[in-house]
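Keep the model open as you read.

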Amino acid sequence: MDRVGIIGIGLVGTAVAERLLASGYTVTGYDVRAEQMDALQLLGGEPACCAAAVVSDCERIILSLPTSAIVSAVLDEIKPKLKPGSILIDTTTGDPEDAVAFASMLSPLGVDYVDSTVGGSSRQVKTREAIFLCGGSDAAFARCHDLFEQFCKHAFHVGPAGSGARIKLVMNLVLGLNRAVLAEGLEFARASGIDPYVALEILRAGPAYSRAMDTKGPRMLNEEFEPEARLSQHLKDVRLILASGERQGARLPLSHVHLQLLEAAENAGFGALDNSAVIKAFQNGLPKE
């Protein structure tokens, strides 16, 4: 049980691996990018030759992948190697309906599935400040508890499979709009002849305060865009939010505006940067209505 597999050694996967290794767990991991495998080895992890090899070595496997489509492809690859009693802990921000389908597909194999989405950046996972939002059975969630203790400050069990993905979209809607309105406000201050650093200080001291001002405000103003969570990844999330909202009959007018904003930033070449680079969309101008 002290050996844990990780498939997907990106920003979050690397942070999770680092925390587990520091806590005495053995980590076997795989990523399609050779440089990420080298990074895992430097941390003290054990690179595997393929995703199926991770499953063969480990009972508990963490998936940290960009999209539900990639999760689906990985599951097709590893399904023949999965053993009864295994558990997949999926940190991917994906479509909630896909999470439900994955759980249903794995259940007849005797394999548990927990959608365990991340509330926070890779840096916050490294510092154990992130929260995890989980969907799955009570028993499956309990089997993950010792792992969550190593890389998050709190793990919430929200309900059955798919629930973690659903609440993550709610969280990302609010968080992303917080970042966007902060960026707009800072550029409004600059255009109004107010030092944006002074504006940020005042915003942090007053009733408009949000945590985005602490985590992203200085990065926006200093253009420190080394990615903790990429702008294009959040654009993907907003598309998921809108698709889910349409299925549920929810009205999400601000998210439609947010979609245009992020698409403008990505089209301007900022997609691979940290999501604080959303401020660049305001500096470069938005499409006219």
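Asp-112 and Arg-143 form a salt bridge in this predicted model. Their closest N and O atoms are 3.3 Å apart. The pair ties together distant parts of the chain: Asp-112 sits in strand S6 and Arg-143 in helix H7, 31 residues apart. Asp-112 has a relative accessible area of 27%, so it counts as partly exposed. Arg-143 is also partly exposed, because its relative accessibility is 23% and the cut-off for buried is under 20%.

Salt bridges with shared partners also build one network. Its members are Arg-123, Glu-129, Lys-216, Arg-219, Glu-228 and Asp-274. In the whole structure, a search finds 19 salt bridges. One of them joins the side chains of Asp-31 and Arg-33, at 2.9 Å from N to O. Asp-31 is buried, at 7% relative accessible area. Arg-33 is partly exposed, at 37%.

The side chains of Arg-166 and Glu-97 meet at 3.2 Å, N to O. Arg-166 belongs to helix H9 and Glu-97 to helix H5, so this pair spans 69 residues of the chain. Arg-166 is partly exposed, with 35% relative accessibility. Glu-97 is partly exposed too, with a relative accessible area of 35%.

Asp-95 caps the N-terminal end of H5, placing a side-chain oxygen 2.8 Å from the backbone nitrogen of Glu-97. Now look along H5, residues 96–106. Which of its residues are buried? They are Pro-96, Ala-99, Phe-102, Ala-103 and Leu-106. Viewed down the helix axis, the buried residues of H5 fall within an arc of 115°, so they line one face. The spacing has a simple basis: an α-helix has 3.6 residues a turn, so residues three or four places apart point the same way. The buried residues of H5 pack against helix H4 (68–78), S5, S6, H9 and helix H13 (231–248).

The largest nonpolar core holds 29 residues. Leu-20, Phe-132, Phe-148 and Phe-151 have the most contacts inside it. S1, H1, S5, S6, S7, H7 and H8 each supply at least two of its residues. H1 gives the most, with six. Phe-132 shows how the chain comes together there. Beyond its neighbours within four places in sequence, Phe-132 has contacts that include Thr-91, Val-118, Val-125, Phe-148, Phe-151 and Phe-156. A second, separate core has 27 residues, among them Leu-235, Leu-240, Leu-242 and Leu-259.

Leu-21 is worth a stop. It lies in helix H1, residues 11–22. Leu-21 counts as buried because its relative accessibility is 18%. Leaving aside neighbours within four places in sequence, Leu-21 is in contact with Val-27, Leu-43, Gly-44 and Gly-45. Leu-21 and Leu-43 are 22 residues apart along the chain, yet their C-alpha atoms are separated by 7.6 Å.

Finish with two backbone angles. Most residues other than glycine have a negative phi. Arg-128 has a positive phi, near 60°. Arg-128 lies in the loop between helix H6 (122–126) and S7, and is partly exposed at 34% relative accessibility. Glu-223 also has a positive phi, near 55°. Its place is in the loop between helix H12 (217–222) and H13. Glu-223 counts as partly exposed, at 43% relative accessibility.

Terms used:
Residues numbered from 1 in each chain as written. Predicted model: local features only at pLDDT ≥ 70, side-chain atom pairs only at ≥ 80, totals over all residues. Heavy atoms only, no water. Helix = DSSP H or I, 4+ residues; strand = E, 2+ residues; numbered from the N terminus. Buried < 20%, exposed > 50% of the residue type's maximum accessible area, 1.4 Å probe, protein only. Contact = heavy atoms within 4.5 Å. Core = buried A, V, L, I, M, F, W, Y, C linked by side-chain atoms within 4.5 Å. Arc of directions from axis to C-beta. Polar contact = N/O pair within 3.5 Å; in protein donor to acceptor, adjacent residues only side chain to side chain. Salt bridge = Lys/Arg side-chain N within 4 Å of Asp/Glu carboxyl O.
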